[in-house]
Amino acid sequence: MKPQAIVFDLDGVITDTAHLHFLAWRQVADELGIVIDEEFNDSLKGISRGESLLRILRHGGKEGAFSQSEREQISARKNALYVDSLRRLTPESVLPGIRELLATLRTEQIKTGLASVSLNAPAILQALQMTSLFDFCANAALIQRSKPDPEIFLAACSGLHVNPQACIGIEDAQAGIEAINASGMRSVGIGSSLTGADLLLPTTEFLTWPCLSAFWQLDK
Ligand code: B16
Ligand code: MG
């Protein structure tokens with residue numbers, strides 16, 4: 001038996017945009033007199049733009065300091081910095097093994113989906129020249145709740161016309177692993193500090209079809 005589909009997170013699984021998010025947020029936080037570091041940035045992975053700003057303000061003790069419209073302006077400033085930094089993405093920015101895995105999944109007739117809460121996901125896939133490698137990309141603009149809620153993963157499964165129980169989800173963020181587990185899919189984590197993943201791999205280089213296939217054969 002094979003899984004019906006593999007659903008990928010974008011940021012940290014397909015390409016390393018987490019660092020670019022960090023640089024943009026750090027500049028904005030700095031302008032607000034708030035210090036954030038890479039460790040704090042880990043807690044923003046998979047979290048929507050608006051919720052990320054709220055977490056940064058809370059971290060800096062400035063939660064109630066800005067109105068909704070001021071927060072929207074701050075978020076827009078962060079996004080402008082982030083989008084500008086995306087200009088450095090090229091097809092070479094894809095993480096090791098990912099392009100090969102997607103090509104193999106096509107040969108194996110396993111559907112591929114994307115579950116990213118980033119509103120910039122379509123532009124990033126285009127910059128990486130990967131849009132055609134996915135059968136369905138869930139639309140982050142239609143999502144009410146970011147990860148750890150399963151909504152984006154369920155939307156990807158729905159768009160692929162597959163049952164979540166018959167699919168694997170791949171994530172590098174703790175909130176993402178929780179979202180996959182809550183969706184009923186089997187979870188594969190990339191990294192060393194994740195808890196609760198059904199399978200944990202150190203880097204995307206280990207993410208091969210033989211590895212995923214062997215994992216799928218195991219009893220849950
Ligand atoms: P944007 P993912 C998430 O992408 C990022 O991990 C998170 O850091 C970011 O705040 C969120 O997208 C929204 O991104 O500001 O570009 O809309 O991990 O779900 O692929
Ligand atoms: Mg991620």
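**Figure 1. Polar contacts of S183 in the predicted model.** The structure shown in this and the following views is a predicted model. The side chain of S183 reaches back to the backbone oxygen of I180, at 2.6 Å. A polar atom of that side chain also lies 3.2 Å from the backbone nitrogen of M185. S183 is part of helix 8. With a relative accessible area of 7%, S183 is buried, because the cut-off for buried is under 20%. Leaving aside residues up to four places away in sequence, S183 touches P150, F153, L154 and P164.

Figure 2. Strand 5 covers residues 186-190 and includes V188. The relative accessibility of V188 is 0%, so V188 counts as buried. Residues up to four places away in sequence aside, V188 touches I168, G169, I170, E171, I177, L199, L201, L207, L212 and F215. L102 is 86 residues from V188 in sequence, and the two C-alpha atoms are 15 Å apart in space.

**Figure 3. The magnesium ion (ligand 2) and its donors.** D9 (OD), D11 (O) and D172 (OD) coordinate the magnesium ion (ligand 2) at 2.0 to 2.2 Å. Along the chain, the donors have the spacing D-x1-D-x160-D. D11 sits in the loop between strand 1 (5-8) and helix 1, and D172 in the loop between strand 4 (167-171) and helix 8 (174-183), so the pair ties together parts that are 161 residues apart in sequence. D11 counts as buried because its relative accessibility is 14%. D172 counts as buried as well, at 13% relative accessibility.

**Figure 4. The buried side of helix 4.** Helix 4 runs over residues 68-85, and I74, S75, K78, N79, Y82 and S85 are its buried residues. These residues cover an arc of only 140° around the axis, which puts them on the same side of helix 4. The buried residues pack against helix 1 (18-31), helix 3 (49-59) and helix 6 (121-127). At 1.5 Å a residue, the 18 residues of helix 4 should span 26 Å, and the end C-alpha atoms are 26 Å apart, which agrees.

**Figure 5. The aromatic pair F8 and F134.** One aromatic pair is found in a search of the whole structure. The ring centres of F8 and F134 are 6.0 Å apart and the ring planes lie at 85°, so the pair is edge-to-face. F8 belongs to strand 1 and F134 to the loop between helix 6 and strand 3 (136-137); the pair thus links distant parts of the chain, 126 residues apart. Both F8 and F134 are buried.

Figure 6. K147 and P148 are joined by a cis peptide bond, with omega about 20°. P148 is located in the loop between strand 3 and helix 7 (151-160). Q109 is not a glycine but has a positive phi of about 60°. The loop holding Q109 lies between helix 5 (98-107) and strand 2 (111-114). Q109 has a relative accessible area of 73% and is exposed. H161, also not a glycine, has a positive phi of about 60°. H161 is placed in the loop between helix 7 and strand 4. The relative accessible area of H161 is 69%, so H161 is exposed.

Definitions and conventions
Residues are numbered from 1 along each chain as its sequence is written. Chains are lettered from A and ligands numbered from 1 in the order in which they are written. This is a predicted model: local features need pLDDT of at least 70, side-chain atom pairs count only at pLDDT 80 or more; totals for chains, interfaces and linings use all residues. Side-chain values use heavy atoms; hydrogens and water are left out. Helices (H or I, at least four residues) and strands (E, at least two) are DSSP runs, numbered from the N terminus. The expected span of a helix is 1.5 Å times one less than its number of residues. Buried means under 20% relative accessible area, exposed over 50%, partly exposed in between (1.4 Å probe, protein chains only). The arc is that of the directions from the helix axis to the C-beta atoms. Contact means heavy atoms within 4.5 Å. Donors are N, O and S atoms within 2.8 Å of the metal (3.2 Å for Na, K and Ca); water is not among the atoms, so sites may look incomplete. A polar contact is a pair of N or O atoms within 3.5 Å; within protein, one must be able to donate a hydrogen and the other to accept it, and residues adjacent in sequence count only if both atoms are side-chain atoms. Rings of Phe, Tyr and Trp (its six-membered ring) pair if their centres lie within 6.5 Å; planes under 30 degrees apart count as stacked, over 60 as edge-to-face and the rest as tilted.
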